[in-house]
Amino acid sequence: MADVDPDTLLEWLQMGQGEERDMQLIALEQLCMLLLMSDNVDRCFETCPPRTFLPALCKIFLDESAPDNVLEVTARAITYYLDVSAECTRRIVGVDGAIKALCNRLVVVELNNRTSRDLAEQCVKVLELICTRESGSVFEAGGLNCVLSFIRDSGHLVSAL
C-alpha cells in the first residue's frame, strides 16, 4: 500500500471525461486491490478513508455518462468498503441520489451485455449490504420495486440471484 498515493488516487477517481476515464478506471482498480488485499483494516482506512473515498465513488454513479465498465468497478469498490465495515453505509446514504442511482442501474441493465450484467449483479450486492443498516433509505429510493422487477424480468439470466 505504500506505493499508492491516496491523494492522487482520489484525484483520479474524480476525473471522468474523455481520456480521463482511463485514469479513473486505473484508480478504481487500484482502490479495489488495496481494499481486497489489505491485511490491516485500520491502516487501509487511514490510507483510503471512507469519509472521502465513498462520496467520490458515489459521485461516479451519479454521472450519467459513466460507462458500465467504470460503474461495475465502482460498485465493486463500494462492496469492498461495505464488506470491511457496515459503518460505511451511512457515508453512501449521505450522498444525495446515490441509492437511487444504484437502483436505476437495475432498470437499464442490458442482459445481453456481460459488463452490464456484471454491473447489475454488483448493484444488487451493494443494495443488499446497504439494507443491513439502512433498509429505509433503499426503500425510499425505490429499491424494492427496482430489485423485484429486476429479479422478475431477469433473475433467470443472472447467476448472483
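A helix, as the word is used here, is a DSSP run of H or I with at least four residues, numbered from the N terminus. In this predicted model, helix 4 is the element that gives the most to the lining of the largest pocket, with 5 residues.

## The largest pocket

The pocket holds about 150 Å³ of space, and its lining is made up of 13 residues, of which Leu 13, Gln 14, Ala 56, Lys 59 and Ile 60 lie nearest its centre. By residue class, the lining of the largest pocket divides into 5 nonpolar, 5 polar and 3 charged residues.

## Salt bridges

Side chains of opposite charge can pair when their charged atoms come close.

| Pair | Closest N and O atoms |
|---|---|
| Asp 63 and Arg 21 | 2.6 Å |
| Asp 68 and Arg 105 | 3.3 Å |
| Arg 133 and Glu 87 | 2.4 Å |

The salt bridge between Asp 63 and Arg 21, with its closest N and O atoms 2.6 Å apart, links distant parts of the chain, since Asp 63 sits in the loop between helix 4 (50–62) and helix 5 (68–84) while Arg 21 belongs to helix 2 (residues 20–37), 42 residues apart.

In the salt bridge of Asp 68 with Arg 105, the closest N and O atoms are 3.3 Å apart. This pair also links distant parts of the chain, with Asp 68 in helix 5 and Arg 105 in helix 7 (residues 98–107), 37 residues apart. Both Asp 68 and Arg 105 are buried.

For Arg 133 and Glu 87, the closest N and O atoms of the salt bridge are 2.4 Å apart. Arg 133 lies in helix 8 (residues 114–140) and Glu 87 in the loop between helix 5 and helix 6 (89–93), so this pair ties together parts that are 46 residues apart in sequence. Arg 133 is partly exposed, with a relative accessible area of 45%, and Glu 87 is likewise partly exposed, with a value of 42%.

Beyond these pairs, Glu 29, Glu 72 and Arg 76 are linked in a network of salt bridges.

## A surface patch and a buried threonine

On the surface, Phe 139, Leu 144, Leu 148 and Ile 151 form a nonpolar patch whose accessible area together is about 400 Å². Which element supplies the largest share of the nonpolar patch? That share, 3 residues, comes from helix 9 (residues 143–154). Ile 151 has its place in helix 9 and is partly exposed because its relative accessible area is 40%, a value that falls between the limits of under 20% for buried and over 50% for exposed.

Thr 74, by contrast, lies in helix 5 and is buried, with a relative accessible area of 0%. Its C-alpha atom is separated by 18 Å from that of Cys 131, a residue 57 positions away along the chain.

Methods. Residues numbered from 1 in each chain as written. Predicted model: local features only at pLDDT ≥ 70, side-chain atom pairs only at ≥ 80, totals over all residues. Heavy atoms only, no water. Patch = residues over 30% accessible without salt bridge, like charges linked within 9 Å, V, L, I, M, F, W, Y side chains within 5 Å. Areas by Shrake-Rupley, 256 points an atom, 1.4 Å probe, with all protein chains shown as cover. Salt bridge = Lys/Arg side-chain N within 4 Å of Asp/Glu carboxyl O. Helix = DSSP H or I, 4+ residues; strand = E, 2+ residues; numbered from the N terminus. Buried < 20%, exposed > 50% of the residue type's maximum accessible area, 1.4 Å probe, protein only. 1 Å grid on protein atoms, 1.4 Å probe; cavity = no way out; pocket = protein on both sides within 12 Å on 5 of 7 lines; lining within 4 Å. Points joined across faces, edges and corners; volume = space filled by probe spheres on them. Nonpolar A, V, L, I, M, F, W, Y, C, P; charged D, E, K, R; others polar.
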